[in-house]
Amino acid sequence: MNRPAAVEIAYEGMRFLITHNPTNATLNKFTEELKKFEVSTLVRVCDATYDKAPVEKGGIEVVRAERISTEPNAS
């Protein structure tokens with residue numbers, strides 16, 4: 001299956017890399033792509049579809065994003 005290319009966004013001195021959600025079968029290629037963009041932290045915003053251990057072994061921290069509520073704050 002062809003996956004869309006990674007997209008890099010820079011904002012106020014920060015860099016974000018938007019990518020597809022890899023699988024264990026595509027993890028080596030995915031990790032190499034992250035290294036090419038000098039990624040130091042990977043933030044998961046979707047359910048995990050791969051083992052994070054190989055990514056962390058490659059020197060990239062993997063964290064889970066907190067869910068963002070769409071409910072208005074009760075005051």
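This is a predicted model: local features need pLDDT of at least 70, side-chain atom pairs count only at pLDDT 80 or more; totals for chains, interfaces and linings use all residues.
V7 is found in strand β1, and together with I9, Y11, M14, F16 and I18 it makes a nonpolar surface patch of about 570 Å². If you look for the elements behind this patch, those that give two or more residues to it are β1, residues 7-11, and β2, residues 14-18.

Now let us turn to helix α1, which covers residues 27-36 and whose buried residues are L27, F30, T31 and L34. Viewed down the axis of α1, these buried residues fall within an arc of 100°, so they line one face of the helix. As a general point, an α-helix has 3.6 residues a turn, and therefore residues three or four places apart point the same way. On the other side of α1 we find N28, K29 and K36, which are exposed.

What do the buried residues of α1 pack against? Their partners are β2, β3 at residues 41-44, and α2 at residues 53-57, and I would remind you that β2 also gives residues to the nonpolar patch.

As one example from this helix, take T31, which lies in α1 and is buried, with a relative accessible area of 7%. Leaving aside residues up to four places away in sequence, T31 touches V55 and I60.

Finally, α1 is followed by E38, where phi is positive, near 60°.

Methods
Residues are numbered from 1 along each chain as its sequence is written. Side-chain values use heavy atoms; hydrogens and water are left out. Patches are made of residues with over 30% relative accessible area and no salt bridge: like charges are joined within 9 Å, nonpolar side chains (Val, Leu, Ile, Met, Phe, Trp, Tyr) within 5 Å. Accessible areas come from the Shrake-Rupley method with a 1.4 Å probe; for residues, only the protein chains shown count as cover. A salt bridge is a side-chain nitrogen of Lys or Arg within 4 Å of a carboxyl oxygen of Asp or Glu. Helices (H or I, at least four residues) and strands (E, at least two) are DSSP runs, numbered from the N terminus. Buried means under 20% relative accessible area, exposed over 50%, partly exposed in between (1.4 Å probe, protein chains only). The arc is that of the directions from the helix axis to the C-beta atoms. Contact means heavy atoms within 4.5 Å.
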